[in-house]
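Work through the two exercises below with the structure in view, and follow each solution one step at a time.

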Amino acid sequence: MRFEGTDAYIATEDLTLAVNAAVALERPLLVKGEPGTGKTELARQVADALGLPMLEWSIKSTTKAQQGLYEYDAVSRLRDSQLGDERVHDVKNYIRKGKLWKAFEADGKVVLLIDEIDKADIEFPNDLLQELDRMEFHVYETGETIRARHRPIVIITSNNEKELPDAFLRRCFFHYIRFPDADTLRRIVAVHHPDIKPALLSAALEQFFEIREQPGLKKKPSTSEVLDWLKLLLAENLSPEDLKRDGASALPKLHGALLKNEQDVHLFERLAFMARRQGR
C-alpha cells in the first residue's frame with residue numbers, strides 16, 4: 001500500500017515519502033503549510049489513490065476532542081423520559097458516534113482526516129493522545145471499550161496558527177508542504193488548465209512570483225489562488241501583453257483573485273505612486 005500521487009494531485013518526492021512513512025509506522029501524518037497548498041486535498045487524494053473510504057473531521061474553534069469520539073444527548077433522553085418514550089431504557093439510543101468511532105468500527109482500513117487542528121484550543125491535541133496512540137477509547141455511559149478493527153490512516157492538517165504540544169508532536173510523523181517552485185507549479189497548472197498557452201502561463205507565473213516576493217506583503221497568494229487567477233485570465237481571454245503593468249498601476253489584472261486584504265492592495269497602489277513620481 002504505497003502512495004505515489006494521482007493524476008489530479010502533483011505530489012513531490014518528499015511528500016510521497018512522508019505519506020508512505022506514516023503509513024508504514026502506523027502513526028498520524030501531521031501536515032503543515034501555508035493555507036491553499038493542498039493539505040486537505042492530500043487526504044482526499046491518498047484515499048482515492050489507495051482505494052480507501054475517507055472520513056473528514058473539520059475542526060472549529062469550538063470543537064472538543066470528545067466530539068470525535070462520541071456525544072451523549074442527555075437532554076433528548078430527559079425529554080423522552082417525560083414523554084414516556086420506551087427508547088429511554090437503552091442509553092445507546094442517545095449516543096452519537098463521532099468520526100473516530102466511525103473510523104474504528106469500519107469494516108476495513110479508512111483514511112481519517114482531522115482538518116485544521118490548530119483552530120481548536122491548546123488542550124485539544126492532548127485530549128486525543130491516548131485515542132490516537134492506542135486506537136481505543138472507553139464509553140462511560142455504556143461501559144464498553146471501542147477498539148479499532150483496522151488501524152486507520154490518520155492525516156492531520158495545521159495552518160501553523162498556534163504551536164502544538166510536544167507530547168502530541170512526538171506521536172506524529174511530520175511534513176511541511178513548502179510552496180512549490182516554478183517547475184512544480186507548472187505541473188500543477190497543467191493538471192487544472194491543460195490548454196493554457198505557454199506564453200500566457202510564463203507571463204502569469206513570472207508576475208505571480210514577483211507578487212509573492214514583494215516585501216511587506218501581508219498575505220502571500222497561494223497555489224489555489226494562482227489557479228483561480230489563471231482561470232479568470234482564460235475566461236477573459238487575456239494575452240501576455242494584457243498582463244503588462246505600467247507606472248500608472250502596479251496592481252495585476254484581476255488582482256482580487258490574488259490580493260485578499262486592503263493592506264496589500266494599498267501596498268501596490270503606493271508602489272505605483274512612487275514609480276510615477278520617480279518617472280517625472
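At 34% relative accessibility, Leu254 counts as partly exposed, because that class lies between buried (under 20% relative accessible area) and exposed (over 50%), with a 1.4 Å probe and protein chains only. The model is predicted, so local features need pLDDT of at least 70 and side-chain atom pairs count only at pLDDT 80 or more, while totals for chains, interfaces and linings use all residues. Residues are numbered from 1 along each chain as its sequence is written, and side-chain values use heavy atoms, without hydrogens and water.

**Exercise 1.** Describe the backbone and the setting of Leu254 and of Asn237.

Step 1. Most residues other than glycine have a negative phi.

Step 2. Leu254 has a positive phi, near 55°, and Asn237 likewise has a positive phi near 55°.

Step 3. Leu254 sits in the loop between α11 and α12, and Asn237 is found in the loop between α11 and α12 (262-278); helices here are DSSP runs of H or I with at least four residues, and strands are runs of E with at least two, numbered from the N terminus.

Step 4. Asn237 is exposed, with a relative accessible area of 66%.

**Exercise 2.** Find which elements each supply at least two residues of the lining of the largest pocket.

Step 1. A pocket is an open set of points on a 1 Å grid over the protein atoms alone, where a 1.4 Å probe fits, with protein on both sides within 12 Å along at least five of seven lines, and lining residues have an atom within 4 Å of a point.

Step 2. The lining has 30 residues, and Tyr9, Thr37, Gly38, Ile188 and Thr223 lie nearest the centre of the pocket.

Step 3. The elements are α1 (13-25), α2 (39-50), β9 (173-177), α9 (182-192) and α11 (223-235).
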